[in-house]
Amino acid sequence: MENKQKLTIYIISVVISSILYFTFFSSIYATDSWYNTSWQYRKKLIFDNSTQSENLTNFPVLVKLTSSRFDFTLAQSAGQDIRFADSDGTTLLPYEIESYDSSSSTANIWVKVPQVDASSSTDYIYMYYGNSSTADGQSGTGVWDSNFKAVYHLRESGSGASGEYKDSTSNAINGHGGGGTASKVPIVTTSGKIGYAQNFDGNNDYIITSSMTTSNETKATITLWLKSTSTTNQRMLAQIYGGYYGIYLRRFTTGKILAFFDGSSGNNVSGNQSSTLVNDDIWHQITGTNDGTTTKIYIDGNLESTYSETIANSSGVTYLGSNTGTINYLPGQLDEVRISNSTRSASWIAASYKSESDTFISSYDTGQAADSTNLSENKTN
């Protein structure tokens, strides 16, 4: 009799423990609400910011979709139904579709994340899809905050007509190839670092933008991707003409980078160059920053050079692939050019390199369907 009582107590304990266990974990599973059940599916995108020691605020994250990460047949043909939400599952985030090709199952999408936590490998957002009746919801200008002066994806086929190279920011500092001369327009290539890019022939190709106002600016960052084999002295990557700032590729030691922000050549000395060679026909992310007194050069997310330099205030047009459209032509490819009026931190630059190299998102999970999630939320009840 005593043994039967013990067995009964044990069974009751197991049952109660099981109920508590499944109630608890179904509650955890249902913590993040579903944005709108008109969207049938969602994926959790998990970030790896474990090596960066600061929170990243309003950080543009590249979401690169492939057939192994995303079933393109479950979304509209141009991704019109894709939406992104913060970790609560409901707060929508601005995003810009740079490219989307359902036939080849490839897409590149930029999403502004309000904060990616420092030293975290578990922070995440959601991607929703599977709504055949909704309209396109992207907002490119919403992705790039006021610290970005201009952002060029360089995905366009240049015609020499004014404004064909679009600035994704609200500043709309658009550019055109060769100053309107068709023979001086770079050639678009599909083999860019992120989608398409522009190929400059080194003879006369360049892109010139509308004027950028930079008065009273005391901080600056230019970042871009370069692929080149150039060994020729003084090849220009990007510059605001008029003495504001630029990033230069020079041949003090073949293939090294020099950045200067005062519009002069006074700092063109060997000690101010990058140590890494970037003329190896491989894509490299190149970043130059200035905080008003100090210039830093980063290659592929790593600090290469630091030296004293005061930034110069002025305004002017931006040249890509040339100095003034008459000299210092770049032979090679450019992609993802960004100009900021702030000094990006080492953590920001390193995380940007990871994101644009497609290693910042550590997991594109298998996804959930709206019905199964609703059921999981009802388990607790």
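**View 1. Phe47 and Phe360 are both buried.** Buried here means under 20% relative accessible area, with exposed over 50% and partly exposed in between (1.4 Å probe, protein chains only). This is a predicted model, in which local features need pLDDT of at least 70, side-chain atom pairs count only at pLDDT 80 or more, and totals for chains, interfaces and linings use all residues. Residues are numbered from 1 along each chain as its sequence is written, and side-chain values use heavy atoms, with hydrogens and water left out.

The structure holds 18 aromatic pairs. Rings of Phe, Tyr and Trp (its six-membered ring) pair if their centres lie within 6.5 Å; planes under 30 degrees apart count as stacked, over 60 as edge-to-face and the rest as tilted. With ring centres 5.5 Å apart and planes at 25 degrees, Phe47 and Phe360 are therefore stacked. The pair links distant parts of the chain, 313 residues apart: Phe47 is in strand S1 (residues 41-47), and Phe360 is in the loop between helix H3 (346-356) and strand S21 (361-364). Helices (H or I, at least four residues) and strands (E, at least two) are DSSP runs, numbered from the N terminus.

**View 2. Tyr206 and Tyr329 form a tilted pair.** Their ring centres lie 6.5 Å apart and their planes meet at 35 degrees, so the pair is tilted. Here too, distant parts of the chain are linked, 123 residues apart: Tyr206 is in the loop between strand S10 (197-201) and strand S11 (207-212), while Tyr329 is in the loop between strand S19 (316-320) and strand S20 (331-340). Tyr206 is buried, at 9% relative accessibility, and Tyr329 is buried with a relative accessible area of 9%.

**View 3. Ring pairs build an aromatic cluster.** Look for Trp34, Tyr35, Trp39, Tyr124, Tyr126 and Tyr128, which ring pairs link into this cluster.

**View 4. The charged end of Arg344 sits over the ring of Phe148 and over the ring of Trp348.** A charge sits over a ring if NZ of Lys or CZ of Arg is within 6 Å of the ring centre and within 35 degrees of the ring normal. For Arg344, the distance to the ring centre is 4.5 Å at Phe148 and 4.3 Å at Trp348.

View 5. Asn58 is found in strand S2 (residues 56-65) and, at 26% relative accessibility, counts as partly exposed. Asp300 is found in the loop between strand S17 (294-299) and strand S18 (302-308), and at 16% relative accessibility Asp300 counts as buried.
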